[in-house]
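Let's read a structure together, one feature at a time. Bring your questions, and we will take the general idea before the case at hand.

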Amino acid sequence: MNELIEKGLKLNPNMKLNENSEHVEKILEGIKRKNGHCPCVITQNDDTICPCKKMREESKCCCKLYLNK
């Protein structure tokens, strides 16, 4: 499993990885293109580094890389 995915799941155990592998790959490619930042937002700062602040603190992933259990 991808290091980033493992980190996100560890930081928020209420979330699970999206089961759609094609979607997961697209999001991971977007994260890579944006140097580790969420591909769903324009702003690039510490809060948007994946797993983003919203996912860690609110259990919400705008990209749908992670879903609520």
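## Cysteines, a cavity and some backbone angles

Q: How many disulfides are counted in this model?
A: A disulfide is a covalent bond between the sulfur atoms of two cysteines. In this predicted model, the count is zero disulfides.

Q: Are Cys38 and Cys61 buried or exposed?
A: Cys38 is buried, at a relative accessible area of 6%. Cys61 is buried too, with a value of 12%.

Q: What does Cys61 touch?
A: Leaving aside residues up to four places away in sequence, Cys61 touches Met15, Met55 and Tyr66.

Q: Which residues touch the most other members of the largest nonpolar core?
A: In soluble globular proteins, nonpolar side chains tend to be buried together. Here the largest nonpolar core has 15 residues, and those touching the most other members are Leu28, Ile31, Met55, Cys61, Leu65 and Tyr66. Helix 1 (3–11) and helix 2 (21–33) are the elements that give two or more residues to this core. Helix 2 gives the most, with four residues.

Q: How many cavities of 30 Å³ or more are there, and what lines the largest cavity?
A: Rolling a probe the size of a water molecule over the atoms shows where empty space is left. The count is one cavity of 30 Å³ or more, and the largest cavity holds about 60 Å³ of space. Among the residues lining this cavity are Cys38, Cys50, Pro51, Cys61 and Cys63. By class, the lining has 11 nonpolar, no polar and no charged residues.

Q: Where is there a cis peptide bond, and which residues have a positive phi?
A: Most residues other than glycine have a negative phi, and most peptide bonds are trans. In this model, Cys50 and Pro51 are joined by a cis peptide bond, with omega about -5°. Pro51 sits in the loop between helix 2 and helix 3 (53–58). Ser59 has a positive phi, near 55°, and Lys64 has one of about 65°.

Q: Where do Ser59 and Lys64 lie?
A: Ser59 is in the loop between helix 3 and strand 2 (66–68), and Lys64 is also found in the loop between helix 3 and strand 2. Ser59 is buried, with a relative accessible area of 18%, whereas Lys64 is partly exposed at 45%.

Key:
Residues numbered from 1 in each chain as written. Predicted model: local features only at pLDDT ≥ 70, side-chain atom pairs only at ≥ 80, totals over all residues. Heavy atoms only, no water. Disulfide = S-S within 2.5 Å. Buried < 20%, exposed > 50% of the residue type's maximum accessible area, 1.4 Å probe, protein only. 1 Å grid on protein atoms, 1.4 Å probe; cavity = no way out; pocket = protein on both sides within 12 Å on 5 of 7 lines; lining within 4 Å. Points joined across faces, edges and corners; volume = space filled by probe spheres on them. Nonpolar A, V, L, I, M, F, W, Y, C, P; charged D, E, K, R; others polar. Core = buried A, V, L, I, M, F, W, Y, C linked by side-chain atoms within 4.5 Å. Contact = heavy atoms within 4.5 Å.
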